[in-house]
Amino acid sequence: MSALKLDGESVLGSTPLEYSFQVEEGEHLVVIGQNGAGKSALLRILAGLLPLTKGTLSIGKQIVDSPVENIFLPPHKRPTVLQLQTGAVFPHLNVAKNIAYPLRQMKTESKKIRKAVEETLERFQLSEIRNRLPHTLSGGQLSRVALARSIAANPRILLLDEPTSSIDIEASSWIDEFLKDLRTTLILVSHDPVEALVIGQRILVVDNGRIIQKGTPADVSTQPTNSWVAKFLNLNILTASASGFEAKIDGGGSLRLAEKWNERVNISFPSSAISLYTNTPDGSPRNVWEVTVKTLHSDGEIVRVGIEGPFKATAIITQESLDHLDLRLGTKCWAAIKANEINVTPKGSLG
Amino acid sequence: MRTRKPTLIPPPIAIFGTFAMLLILVPFIGLAQRTPWGSFLSILGESSVRSAISLSLLVASVSAFICLILGLPLGWILARSQSLWMRLLRAIVLLPMVLPPVAGGTALLFALGRRGFVGQKLDEWFGITLPFTTTGAIIAATFVSLPFFVLAIETSINDLNRDFEESAMSLGSSPTRTFFSVTVPLIRTGLIAGLTLSWARALGEFGATITFAGDNPGRTRTLPLELFVALESDPNRAVVIGMIMIIISLGVLITLRGRWIGQK
């Protein structure tokens, strides 16, 4: 049974909205789309901050919004927690009290609340700043407090609206790692392709108040429904263990980096940075590996080539070079990328 | 060598600005130079003056408290309601702010006075008469000061980012709990300002009080009424009472200096 199922319409301002999708228990769904596409409005509908005008929303077995049946469960009674883009950490409460806030709304004994707050502070590395007021915190700390508070509420479905926007890369990669390992059903609106591909088990593309594409990250990035999606997801993402200039990719293969790293890292590079050759390319010492063509998707001018070697990747080449290389499904060829095209971020460590 | 500061105030602005300042300042100087400082304490010690002071403080404080209890919900409703009716209602609610207090007092008299359409029933059914009682004075003071409080609350709530309340509700807090645990703490600056403003307005209330509650020593004769009465019999007492009121009001302004004087 699905954790959440929405098939309904609403209106935000004068923009009509129409969504139909479902999420499985424990699934991580990432919602992407341009500004004003209706991503936040979708989360607001789920959380009960924007009522449906038509259709049905159910969470588990329970119908929580259905205008026809005159059912509307208000936000505080829903098993969802919506974390807004601003985080909305209460400015009049210190870190520990912010985290305790959702627990106080339940009928929990104060002893248990204290214990839960203690554990959450520990888990989010906030113990040292537990008594600080929000205005004294950095953006990265604030976003961790906001997430800690949402998690403390122990929602059945967690709704996050760009939880890592406008914070530095270390703080955001910590949060992304945390979310990736989270078992809770998660619906995440993201503006960050790395985040979308790392966390999303499924991706929902929203445009003009509608869902225009649903699918796995691989599906969506190899067959993007429009040029915006294609540009947004023009990325390959790998995790690796780096030592010196060499990064050993999880699952096999290795890439040479432009800088020295000695830790677990996320590696990303644009699909368009990969070059394909039918013979071993010679010349400058570049990253070269042997691959097999697994998928081919053309939109007339550019072709997205799904390649598989020691690891999977997507390359974007022109139709012209595809013809020139004479690539078909199953063709064996060589892929190459310059070390300085590879973007490296440490994996979820907070200094 | 002294560094010369460039002139920042253009001459016409300086001239008219100075006149405006004098217009407010001169009467205070007039009162201060006329004050019989030698007998200040003895007049302050008179039982009628002391009772007027304590009555004024009582009326103003109770009235401010009523403003808090009733004006907080009203301010919230006015800020959050979108309906056309509410906008009309809002204008009526704010009316006592611009209405001459005498007119407000007259309106109160014909509603809550002994022969007023509500007052008559209060008298018949419960034996309650409001004119010439301290309760009447409190009602008159609340009538004129409530709009100040409501306006302060409405402005604060309008300025409040709704994200905080929406997040609180999504975190499981009911609308009522959200109001007390998030909304009220976040508007406390505006709330305190509104409270002080309505308290000060109630303290100085004269017109509505004398029209509705009348002049009853010990019950409705607050400082402004005491001052008015003294002006006819003993100007020295009037001056001292005026000075007392200036000192109290100045104290209030200084407490709120962050809002209305200096401190940028």
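In this predicted model, 22 residues of chain A are in contact with 19 residues of chain B, contact meaning heavy atoms within 4.5 Å. Chain A itself is assigned two parts, domain 1 (2-232) and domain 2 (237-346), with bounds from an automatic or database domain assignment. Residues are numbered from 1 along each chain as its sequence is written, chains are lettered from A in the order in which they are written, and side-chain values use heavy atoms, with hydrogens and water left out. Local features need pLDDT of at least 70 and side-chain atom pairs count only at pLDDT 80 or more, whereas totals for chains, interfaces and linings use all residues.

**Chain A and chain B**

- The two chains bury about 1700 Å² between them, 61% of it on carbon and sulfur atoms; buried area is the accessible area (1.4 Å probe) that two parts lose on being put together, summed over both.
- The count between chain A and chain B is 1 salt bridge, a term for a side-chain nitrogen of Lys or Arg within 4 Å of a carboxyl oxygen of Asp or Glu.
- Arg44(A) forms a salt bridge with Glu166(B), and the closest N and O atoms are 2.7 Å apart.
- On the side of chain A that touches chain B, α1 (39-47), β7 (80-83), α2 (95-105) and α4 (139-152) each supply at least two residues. Helices (H or I, at least four residues) and strands (E, at least two) are DSSP runs, numbered from the N terminus.
- α2(A) gives the most to this side, with 4 residues.

**The two domains of chain A**

- The centres of domain 1 and domain 2 of chain A, taken over C-alpha atoms, are separated by 33 Å.
- In chain A, 13 residues of domain 1 are in contact with 10 residues of domain 2.
- These domains bury about 870 Å² between them, with carbon and sulfur atoms giving 61%.
- Their interface has 0 salt bridges by the rule and 2 residue pairs in polar contact (both at pLDDT 80 or more).

**Ser2(A)**

- Ser2(A) lies in strand β1 (residues 2-12) of chain A.
- The side chains of Ser2(A) and Gln22(A) are joined by a polar contact of 3.2 Å.

Terms used
A polar contact is a pair of N or O atoms within 3.5 Å; within protein, one must be able to donate a hydrogen and the other to accept it, and residues adjacent in sequence count only if both atoms are side-chain atoms.
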